[in-house]
Amino acid sequence: LAVTHLPQVAAQGDEQWSVARSAGRGRLRTSVARLDRPARVEEIARMLGGTEITSTTRQHAAEMLQMQSKG
């Protein structure tokens, strides 16, 4: 198990999970979700590109995941 904000590290995992926090009505909530392949590409692209996800960041994310599966 590794917790990271680094896309290079996240792409090396066999699985990827998203953990998110939200606040409302004076409560803090945490949600955890297992990501499928398309969601992994989107999440790694978000990690690479920040607020603006482009076709280039998606392509780079997909390539990072493809390289991991070959290794």
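**Pocket, surface patch and salt bridges**

Val19 lies in strand β1. Colleagues, please bear in mind that this is a predicted model. At 59% relative accessibility, Val19 is classed as exposed, because the cut-off for that class is over 50%. Together with Trp17 and Val32, Val19 forms a nonpolar patch on the surface, and the accessible area of the three comes to about 330 Å².

Trp17 also brings us to the largest pocket, where Trp17, Ala2, Val3, Thr4 and Gln16 lie nearest the centre among 16 lining residues. Two or more residues of that lining come from each of α1 (7–10), β1 (17–24) and α2 (37–49). The volume of the largest pocket is about 580 Å³. By class, its lining residues are eight nonpolar, five polar and three charged.

I turn now to the salt bridges. How many does the structure hold? There are three salt bridges.

One joins the side chains of Arg34 and Glu15, at 3.4 Å from N to O. Arg34 belongs to strand β2 (residues 27–34) and Glu15 to the loop between α1 and β1, so this pair links parts 19 residues apart in sequence. Arg34 is exposed, at 54% relative accessible area, whereas Glu15 is partly exposed, at 42%.

Another pairs Arg58 with Glu42, at 2.5 Å from N to O. Here Arg58 sits in helix α3 (residues 55–70) and Glu42 in helix α2, so parts 16 residues apart in sequence are tied together. Both are partly exposed: Arg58 has a relative accessible area of 33%, and Glu42 one of 32%.

There is also a salt bridge between Glu43 and Arg46, at 2.5 Å from N to O. These two residues both lie in helix α2, three residues apart, about one turn of the helix. Arg46 is partly exposed, with 41% relative accessible area.

Methods:
Residues numbered from 1 in each chain as written. Predicted model: local features only at pLDDT ≥ 70, side-chain atom pairs only at ≥ 80, totals over all residues. Heavy atoms only, no water. 1 Å grid on protein atoms, 1.4 Å probe; cavity = no way out; pocket = protein on both sides within 12 Å on 5 of 7 lines; lining within 4 Å. Points joined across faces, edges and corners; volume = space filled by probe spheres on them. Helix = DSSP H or I, 4+ residues; strand = E, 2+ residues; numbered from the N terminus. Nonpolar A, V, L, I, M, F, W, Y, C, P; charged D, E, K, R; others polar. Patch = residues over 30% accessible without salt bridge, like charges linked within 9 Å, V, L, I, M, F, W, Y side chains within 5 Å. Areas by Shrake-Rupley, 256 points an atom, 1.4 Å probe, with all protein chains shown as cover. Salt bridge = Lys/Arg side-chain N within 4 Å of Asp/Glu carboxyl O. Buried < 20%, exposed > 50% of the residue type's maximum accessible area, 1.4 Å probe, protein only.
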